[in-house]
Amino acid sequence: MKHWIAAAALLAGTHAHAQMVDGEVQKVDASAGKVTLKHGAIKALDMPAMTMSYRVADPAALARIKPGDKVRFSAGKVGGQYTVTTIEPAK
C-alpha cells in the first residue's frame, strides 16, 4: 500500500510539469495495464517519434480508449518503466 501511495505522489508531481504529446492508440491491453501508442517526439524523455507500448498509471483510463483513437497524453519514468500518467481524447 505504501508503494502505491508513493507512486501516486510521484505521478501528481510529474503531472504538473508533464509535456502533453499527440498520439494515436494502436492497441489496448487492459489485462496487462498497457497501451501501445504511435506518437510524436517526447522532448522531456529525450524520445523521438515512435510506436511504443506503455504501462498506464490509471488502468481505468484504458476503458475510455480504443485502437484508432487520437489522444493527447503525458508520460514519465515511474519505477524504471515508461508510464502514461495522463491520457485524454485529442481536440
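The dialogue below goes through the strands, the core and the charged pairs of this predicted model.

Trainee: What should I know before reading the model?

Mentor: Residues are numbered from 1 along each chain as its sequence is written, and side-chain values use heavy atoms, with hydrogens and water left out. The model is predicted: local features need pLDDT of at least 70 and side-chain atom pairs count only at pLDDT 80 or more, while totals for chains, interfaces and linings use all residues.

Trainee: How many strands make up the barrel, and in which order do they run?

Mentor: Strands are DSSP runs of E, at least two residues long, numbered from the N terminus. Two of them pair if DSSP finds at least two bridges between them. Here five strands form a closed barrel in the order S1-S2-S3-S5-S4, and the pairing is mixed. Neighbouring strands of this sheet are turned by 55° against each other on average, direction ignored; the axes behind such angles are lines fitted to C-alpha atoms.

Trainee: Which strands run parallel and which antiparallel?

Mentor: S1 (residues 21-29) and S4 (residues 70-78) are antiparallel and share four bridges; Gly-23 has Val-71 as its bridge partner in S4. S2 and S3 are also antiparallel, with six bridges, and Thr-36 faces Ser-53 in S3. S3 and S5 run parallel, joined by two bridges, with Arg-55 opposite Thr-83 in S5.

Trainee: How many residues does the largest nonpolar core have?

Mentor: In soluble globular proteins, nonpolar side chains tend to be buried together. A nonpolar core is a set of buried Ala, Val, Leu, Ile, Met, Phe, Trp, Tyr and Cys residues joined through side-chain atoms within 4.5 Å. Buried means under 20% relative accessible area, exposed means over 50%, and partly exposed lies in between (1.4 Å probe, protein chains only). The largest core in this model has 18 residues, and those with the most contacts inside it are Val-35, Leu-37, Tyr-54, Phe-73, Val-84 and Ile-87. At least two residues of this core come from each of S1, S2 (34-39), S3 (50-56), S4 and S5 (81-89).

Trainee: What does Ile-87 touch?

Mentor: Contact means heavy atoms within 4.5 Å. Leaving aside residues up to four places away in sequence, Ile-87 touches Leu-37, Ala-61, Ile-65, Val-71, Arg-72 and Phe-73.

Trainee: Is Ser-74 buried or exposed, and which side chain does Ser-74 meet in a polar contact?

Mentor: A polar contact is a pair of N or O atoms within 3.5 Å; within protein, one must be able to donate a hydrogen and the other to accept it, and residues adjacent in sequence count only if both atoms are side-chain atoms. Ser-74 is in strand S4 and is buried, at 1% relative accessibility. The side chain of Ser-74 makes a polar contact of 2.5 Å with that of Thr-86.

Trainee: How many salt bridges are there?

Mentor: A salt bridge is a side-chain nitrogen of Lys or Arg within 4 Å of a carboxyl oxygen of Asp or Glu. By this rule there are three. One of them joins Asp-22 and Arg-72 at 2.9 Å, N to O. Asp-22 lies in S1 and Arg-72 in S4, so this pair ties together parts that are 50 residues apart in sequence. Asp-22 is partly exposed at 47%, as is Arg-72 at 28%.

Trainee: Which residues form the others?

Mentor: Lys-70 and Glu-24 meet at 2.8 Å, N to O. Lys-70 is in S4 and Glu-24 in S1, so the pair ties together parts 46 residues apart in sequence. Lys-66 pairs with Asp-69, with the closest N and O atoms 2.9 Å apart. Lys-66 is exposed at 51% relative accessibility, whereas Asp-69 is buried at 18%.

Terms used
Axes fitted to C-alpha atoms, helices over the stretch in contact; angles between N-to-C directions.
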